[in-house]
Amino acid sequence: RLCELLDNAGRGWRKLAELAGAEKRFKCSAEELEMCSLKVLEPRGSPTQCLLQLLAERDCTLRYLLGCLERMGHEQACRVLSSAVQDVICIMVQPESQVVAEGTQVTLTCCAIGPPGLAYQWFCGRQEVPGATSPELVINTTTPAGQPGWYICRVNCGATFTFSRWAHVQVEKSSSPSSASGYCPTMAGLQILRQPWPCRLAEGDTLALECRAIGNPPPQYQWFRNRRPMEGAQAPQLEVKLVTTAERGSYSCRVFNLFHEVWSQEVDVEIGEGPRQTSMSPYLFCSQAGMSHSITTPLSPIFAATDKVALLIGNMHYLHHKQLQAPIMDVHTLGALLRQLDFKVVSLLDLRKAEMQMAVDEFLLLLHKGVYAGLLYYAGHGYENFGNSFMVPIDAPSAYTSEHCLCVQWVLREMQQRHTGLNIFLLDMCRKRNLNDDVIPQVGALEVTANIVFGYATWIQPLPCHCRCADAEAYELSQQELSNGIFVTFLKRWLLEDEKITVLLDKVAEDMGTLEITRGRQALELRSNLSERRALTDPICPPGQDESSARNLQWAKAHVLPESQHLRFDCGVTVQLGFAAEFSNIMIIYTRVVAAPKDITKCEARLTDIPEELDVDLKCTNKESPEELGSPLVPVWSLGCPSCCLYSRICGLQKLQQELAFTVCLQYRYQGMEDFVEERQQVNVGRPLIAKLNLQ
């Protein structure tokens, strides 16, 4: 009936697609809309039916669809769908577990909405409670029928039914005569029955945590992520759909009522990465008679920030100089750790001069007076002349000078002009004199502010200036495939510690000095005028929406992956197109055949016609296993990818001059035939990840 109403109407299926796309996961691409429109050419084809199928595959609910039709003003379609929506029974008030004193009454409530004539029936365990056919169940704990136990309510309308959650009633005996008249002050008032559990998810999954407690008065809940309350998370169950790496962190739940407060255990949620280090609980607890009572003394950070941002650059594949090996793992390791500390991280590999300059300019847009800290990490070739340090881009000529490089002092001056609360530079590069450069750049005087920390991890003579390559390669500590450079190997041991940043870096320097093979060869030199106790672990106190929205939008641009989509070919084959990110400028595209007619015995979908400006090695496209791509980060991102795919690694997204368009080539063979048949579909995924910032 909806198809009849929307296929040919002025306020038809295209308007519905537009309104439904207001929520990002329901937005249809131009190719999908074209696919819907072409259904009119089929004998029984319907554009509306095709659109509804796309929305259904993305878990669009009837209620959301009804809301879109109401905004369209399509009264007939609303009436058609309303009848279906009204048949759905939805429980609005769930019964809550409680602890009560012996001899008192306790009331459990279950309220639902749905079609007229809803009927209720309460159960204690598997047995019906006689006469309990109203939304409220009153239990008298003095009678045998009011014994403690688990209760549940069934709500039905004819053959349609649903059940509430289980609620546990626990009766506490007390020798005090006053306990029968009401609340017993000596009774343990809150008890957590179900603790949340740690989990590891892939991007796009649904995060579901649960904390169940009983108490009298009934408990209330507040969920916390990384020690900060989550807005709108005041239910026993926490559900976050379509998670991204932004949702990784430590989660806990505060359970409280008028008299007591307890905290759940703190659990780690990983999104597409390996196990992280355990973080400290936001409060200290003591235990008494099996119950947790909080000591209301929070761990004391003195300083707070409105934001923490980081730009990580690793240059490896130089065009005219020896190539490096460790920056890919160093940048990835630091990025993962900083995200655990709630930093907004942009991580980039192999940048040319213009791209480095533009990346820094975009990074500076994230900074303002409240931001702290602003952290810049660079791993690659570098040099120092006349007190100024320079980062060398991958396109620097053989005899490069400061004209071809990016000056560290210039970046620092630009950051200070934005009055960032804490500026940190961690430079993992050489500082040897560049004999080809005798120019003293005029970068301007730095302001005298007590917020600067320099950390130079530098090779000292007699090693050559090619840090961590050639002669220096023997000093990389790990012999495993995933290996960090020496500086990051020691830094990652301390980075999550709640220490003043200068104290933390001092510990890193001390550790580096204890290693025999680096003693006298590589050192961490610190420069700082930091007077306050500022730490990377200091919490964030978000500003108002208007103040932060522009900065957050700028940040979000560099981390948006294209949405997974399904391509339908004329032969009846459906191909899933999925995406994963290694860094802000390196993306993995995988193709997977998810459905094929029975008479097709073999088929695979390959990527072709990838834009020439991207760094695409044909040896790293359409591989049957992630390991064949040759990336050391495969164990990280492949966790969230399905099996039986073809994988392609797309590098250098910052070079993209227009939207990323390519061809999916489907090759298949029918049963009893030797020759393959080929179909092609053009795909446009827009500007993914860092390409949105247009660093050209």
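User: Buried means under 20% relative accessible area, exposed means over 50%, and partly exposed is in between, with a 1.4 Å probe and protein chains only; so which of these does Phe163 count as?

Analyst: Phe163 counts as partly exposed, because its relative accessibility is 38%. Please keep in mind that this is a predicted model, in which local features need pLDDT of at least 70 and side-chain atom pairs count only at pLDDT 80 or more, while totals for chains, interfaces and linings use all residues. Residues are numbered from 1 along each chain as its sequence is written, and side-chain values use heavy atoms, leaving out hydrogens and water.

User: Okay, how many aromatic pairs does the structure hold?

Analyst: There are 8 aromatic pairs in the structure, where rings of Phe, Tyr and Trp (its six-membered ring) pair if their centres lie within 6.5 Å, and planes under 30 degrees apart count as stacked, over 60 as edge-to-face and the rest as tilted. One of them is the tilted pair of Phe123 and Phe163, with 6.3 Å from centre to centre and 55° between the planes. This pair links distant parts of the chain, since Phe123 is in strand β5 (residues 119-124) and Phe163, 40 residues apart from it, is in strand β9 (residues 160-163). Helices (H or I, at least four residues) and strands (E, at least two) are DSSP runs, numbered from the N terminus.

User: And is Phe123 buried or exposed?

Analyst: Phe123 is buried, because its relative accessible area is 12%. Another aromatic pair, Tyr668 with Tyr670, is edge-to-face, at 5.5 Å centre to centre and 85° between the planes; here Tyr668 is buried at 4% relative accessible area, whereas Tyr670 is partly exposed at 25%.

User: Which residues form one aromatic cluster with Phe123?

Analyst: Phe161 and Phe163 form one aromatic cluster with Phe123. Phe161 also turns up among the residues that Val155 touches, along with Ile89, Ile91 and Ala119, if residues up to four places away in sequence are not counted; contact means heavy atoms within 4.5 Å.

User: Where is Val155, then?

Analyst: Val155 is placed in strand β8 (residues 149-157), and with 0% relative accessibility it counts as buried. Although Val155 and Ala119 are 36 residues apart along the chain, their C-alpha atoms are separated by 5.6 Å.

User: Changing topic: what does Arg228 contact?

Analyst: Leaving aside neighbours within four places in sequence, Arg228 is in contact with Trp223, Asp342 and Ile540. The side chains of Arg228 and Asp342 are joined by a polar contact of 2.8 Å, which is a pair of N or O atoms within 3.5 Å; within protein, one must be able to donate a hydrogen and the other to accept it, and residues adjacent in sequence count only if both atoms are side-chain atoms. Arg228 belongs to strand β16 (residues 228-229) and counts as buried because its relative accessibility is 19%.

User: What about the backbone, which phi does Asp350 have?

Analyst: Asp350 has a positive phi of about 55° although it is not a glycine, and it lies in the loop between β24 (344-349) and α8 (353-364). Asp350 is buried, at 14% relative accessible area. Asp609 likewise has a positive phi of about 55° without being a glycine, and its place is the loop between β35 (600-608) and α13 (634-637).
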